[in-house]
Amino acid sequence: MEMNTLILFVIAALSINLIPGPDVIYIVTNTMKGKMKAGIKASLGLGVGYLIHTLAAVLGLSALILSSAFLFTIIKYLGAAYLLYLGVTSIINCYRNNSKICVDNSNEKQNNVFKQGVIVSVLNPKVAMFFLAFLPQFIDPLAVNATSELLTLGLLFSFLATGCNLFYASLGSILFSSSKALKYSRVLEGVSGTILIGLSAKIALSSNK
């Protein structure tokens, strides 16, 4: 795997995971209800779910590579279209200032936060779809070590996602209670949308070479 590809992957993964989406809201809500410890438990629970999605995606995509590189390429371009959709949606949200920040401030504490985090992540079909859409964009199906590269990138994505979640568990309640929270969310929406659209464009241009 080329270093440029790895750097692009890290930048894209970080920008996507820093957007205050449902997982971040879940973490910050638990932090506000049960202090930072609850937020950390929620983050680690979601992280276990990411690992499960990674293994499922790698097994499925690896089987596809072995059976047909052509079918893998189709999945790759369908995934690129999905990433383009996510990018355009983020840009629209940024332009219209449609914030996703909606934290539950009730004082009711949640039990088994870690377990709930795992369940929330594993049973979220959007997470599974994203893994199947995102990982193939950085893989050459004809490469000898395509499966190991899929696993490496999947684990790296899970690690980065969990790191971002732990960041929100530590500082999310402060960020979201700030008067600049909407501006922060809007900037991240715009940056992430631009990166996702750029990634889709890179795939389209590379196919014409």
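In which helix of the protein is confidence lowest, and in which is it highest?

1. **Confidence.** This is a predicted model, in which local features need pLDDT of at least 70, side-chain atom pairs count only at pLDDT 80 or more, and totals for chains, interfaces and linings use all residues. Residues are numbered from 1 along each chain as its sequence is written, and side-chain values use heavy atoms, with hydrogens and water left out. The score pLDDT is the predictor's confidence in each residue, from 0 to 100. Confidence is lowest in helix H7 (residues 181-206), with a mean of 74, and highest in helix H4 (residues 113-122), at 88. The protein averages a pLDDT of 79, and 83% of the residues score at least 70. Where pLDDT is low, the predicted coordinates should not be read in detail.

2. **Ser90.** Look for this residue in helix H3 (residues 69-96). Helices (H or I, at least four residues) are DSSP runs, numbered from the N terminus. With a relative accessible area of 7%, Ser90 is buried (under 20% relative accessible area; exposed is over 50% and partly exposed in between, with a 1.4 Å probe and protein chains only). Leaving aside residues up to four places away in sequence, Ser90 touches Ile19, Glu189 and Gly193; a contact means heavy atoms within 4.5 Å.

3. Rings of Phe, Tyr and Trp (its six-membered ring) pair if their centres lie within 6.5 Å; planes under 30 degrees apart count as stacked, over 60 as edge-to-face and the rest as tilted. By this rule the count comes to 10 aromatic pairs. One of them joins Tyr82 and Tyr85, which are stacked at 6.4 Å centre to centre with 25 degrees between the planes. Both lie in helix H3, three residues apart, about one turn of the helix.

4. **Phenylalanines in H5.** The ring centres of Phe130 and Phe134 are 5.1 Å apart and their planes are at 15 degrees, so this pair is stacked. Both residues belong to helix H5 (residues 125-134), four residues apart, about one turn of the helix. An aromatic cluster is formed by Phe9, Phe130, Phe131, Phe134, Phe138 and Phe157.

5. **One side of H5.** Which residues of H5 are buried? They are Val127, Phe130, Phe131, Ala133 and Phe134. These residues cover an arc of only 165 degrees around the axis, which puts them on the same side of H5; the arc is that of the directions from the helix axis to the C-beta atoms.

Notes:
Helix = DSSP H or I, 4+ residues; strand = E, 2+ residues; numbered from the N terminus.
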